[in-house]
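Look at the sequence and the structure first, then read on.

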Amino acid sequence: MTGHPIEVQQRPAQSEWYDTSREALQTIAEGVTQLAGFGVAAISVVRDDGKLEVMAVAGSDEAREQLEGTRTPVDRLEQEIEKADEWGLLRFVPHERLDPSIGDTWGWVPDITPLAEPDAWHPLDLLIAPLYDEKGELRGTLAIDLPVDGKRPGTARRQLLQRYAEQAGRAVITALEREALSHQVRLAEAARQVVRRASAQLRIDRILSDIRDALMRGFQARGLWIQTIDEDGHGTGAVYSADGVQVVLTGELMRIAETAARRAWEGQRVEIVQRGRPFGPSISGEDGERILGFLDTIGIGSLLFTPLGAGPECLGNLVLTRTEEDADWSSVEMAAALDIGHDLGRAILNARTFEREHQLVEELQALDTYKSQLIATVSHELKNPLTAIMGHLEMLEASPDLTGTTRTSLAAMERGTNRMVRVVEDLLLLSKVGDPDNPVIPAPVDLRRIVDDVVDLTSVAAERKAIELAVDAPREPVLAIGDHDELDRVCANLVSNAVKYTPDGGQVTVALAACGDEIMLSCSDTGLGISAEDQGHLFREFFRSTNPDARSQPGTGLGLAIVSRIVQRHRGRIEVESELGKGSTFRVLLPAAPG
Ligand code: ADP
């Protein structure tokens, strides 16, 4: 064991692979101690940081406690075995040749007194088998100490040890491979989780910038780029490349990638492009060569090409790159990449749908603003000429020398003008109550007074139709909070509609009640009623019922639109309950004045 300078480090987090690998190595170490007759055997593996980590120690609890998990730089070992005798796979450095300058960095040294014989084992003797892989790279060691008979091993024992060294070599490689694979699985899974989470975002650029680093880390990639296929199915969309490295793909390469992406998505597979490896079915030989040529120019050894898509639609591709030294992609990584292609594809599709909807909403909003502005402008422009016409009509009508026909014509003109004035006034009010720059200035408003006034004003029309107009309200004031004139308008519109759309002899009831922190104003009639379909459009500007009986009444279709906007800006709500032929109830709920 001697010759191992020690650096105690925290063990990597124990995991399943770690335990299984360690167990296999432990069994071999046990074999060496029990069957080859040694007091201690230790197996180490080479880690990425160039250090040997002791994974299994058998024979002595004391040695095990001291050694397990410790790390030694590989080059230190290499220096040591330069002085060694070669015994097949084993290297033996007798203590006489050890470098005394290393001093107290030495590892576990057994507390024994060597026998007084020429081939006696000395506590500082080093016997170790460096374990190489097929490529001749050092992957681990099997170190042996304390021969039970106290002697340096003879030929027979060396042969036995040689067999254990071979076995340990295989076990170390398997352990390392398993470990690397499980590492990849964890990395790729972590990347996938990040992609999943990012997929909740609704903007493609945000999704891509969120996942870039995770993908690079998760796939231990040198770089990546993502190309999305435009909605018209042809474009190349944007190419997002990894930080720092500006990837400029030629139009030709983008086209190659696009074709390959479609084929790969159809076949649900990823492709690897790497020199010396046949191209997969999604990439033609000619295209593959062009890609390789490009990779050479940017110093990349291989790429993992993943199609992105959702359902039958291919939406782009994700390319992960690696340099020459580390160019291989495992099947675990390929499977994870394909999964990510699905997750990312779905996210791109969602983002696209969202962007489209967002755009549509913006267009609709612009249209709505335009409409409001148009209404406001036109009604303003009409108001003054109408006032002038009305004035002149009044003057003319006052003239004494008018014939009967002229008088009739003037009366008709006045009716028409009055109607136009009403429409213009309604339009002006509609744009006023729909203007976000003109908010309600809230004050307590007694709805009881408003109801009384409105009922007074409407009673003439009601009497004319023999309609019974009743009020069901408390005697005392009922205070809502809002704008007096606007709430008056709400009440007036509802009551006049009820009278207008109720045939002679019917009944209209206006009710008022306080319900908690709300005030309820309702207007019920026994009139024409409104079909379920019409009820869905009642509050739209210019809507008039499809019912011919209702249409025969004069109206602009603006009254309820005004009511609903006023209620809305008072933070209230309005409900309708109606049945064709039976009657209607409009219910308005408004915030009550505090206290
Ligand atoms: P107008 O009465 O000027 O047509 P409104 O916006 O006030 O416009 O009403 C829209 C439509 O709703 C009316 O045309 C009418 O068909 C229907 N309506 C409104 N109130 C009632 C009611 N109380 N009974 C039946 N139909 C109604």
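This is a predicted model: local features need pLDDT of at least 70, side-chain atom pairs count only at pLDDT 80 or more; totals for chains, interfaces and linings use all residues.

A backbone N or O atom of leucine 560 lies 2.7 Å from a ligand oxygen atom, and a backbone N or O atom of glycine 559 lies 3.3 Å from an oxygen atom of the ligand.

There are 20 residues around the ligand. Those that come nearest are Asn497, Tyr501, Arg544, Ser545 and Leu560.

## Helix 4 and helix 5

Helix 4 spans residues 155–198 and helix 5 spans residues 204–218. Their axes come within 8 Å and cross at roughly 175°. Because angles over 145 degrees count as roughly antiparallel, helix 4 is roughly antiparallel to helix 5.

On the side of helix 4, the contact is made by Leu187, Ala188, Ala191, Val194, Val195 and Ala198. They meet Ile207, Asp210, Ile211, Ala214, Leu215, Arg217 and Gly218 in helix 5. By class, ten of the contact residues are nonpolar, one is polar and two are charged.

## Helix 6 and helix 7

The axes of helix 6 (residues 251–267) and helix 7 (residues 285–297) come within 11 Å and cross at roughly 130°. Helix 6 is therefore oblique to helix 7. The crossing of these two helices is left-handed.

Which residues of helix 6 meet helix 7? They are Glu252, Leu253 and Ile256, and their partners in helix 7 are Asp287, Arg290, Ile291 and Phe294.

## Helix 8 and helix 9

Helix 8 covers residues 331–398, and helix 9 covers residues 404–433. They pack at an angle of about 150°, with their axes 8 Å apart. The two helices are therefore roughly antiparallel to each other.

The crossing of helix 8 and helix 9 is left-handed. The residues of their contact divide into 16 nonpolar, six polar and four charged.

Key:
Residues are numbered from 1 along each chain as its sequence is written. Side-chain values use heavy atoms; hydrogens and water are left out. Axes are lines fitted to C-alpha atoms, for helices over the stretch in contact, and angles run from 0 to 180 degrees between N-to-C directions. Helices (H or I, at least four residues) and strands (E, at least two) are DSSP runs, numbered from the N terminus. Angles under 35 degrees count as roughly parallel, over 145 as roughly antiparallel, 65 to 115 as roughly perpendicular and the rest as oblique. A crossing is left-handed if the near helix is turned anticlockwise from the far one by less than a right angle, and right-handed if clockwise. Contact means heavy atoms within 4.5 Å. A residue is near a molecule or strand if one of its heavy atoms lies within 4 Å of it. A polar contact is a pair of N or O atoms within 3.5 Å; within protein, one must be able to donate a hydrogen and the other to accept it, and residues adjacent in sequence count only if both atoms are side-chain atoms. Ala, Val, Leu, Ile, Met, Phe, Trp, Tyr, Cys and Pro count as nonpolar, Asp, Glu, Lys and Arg as charged, and the others, Gly among them, as polar.
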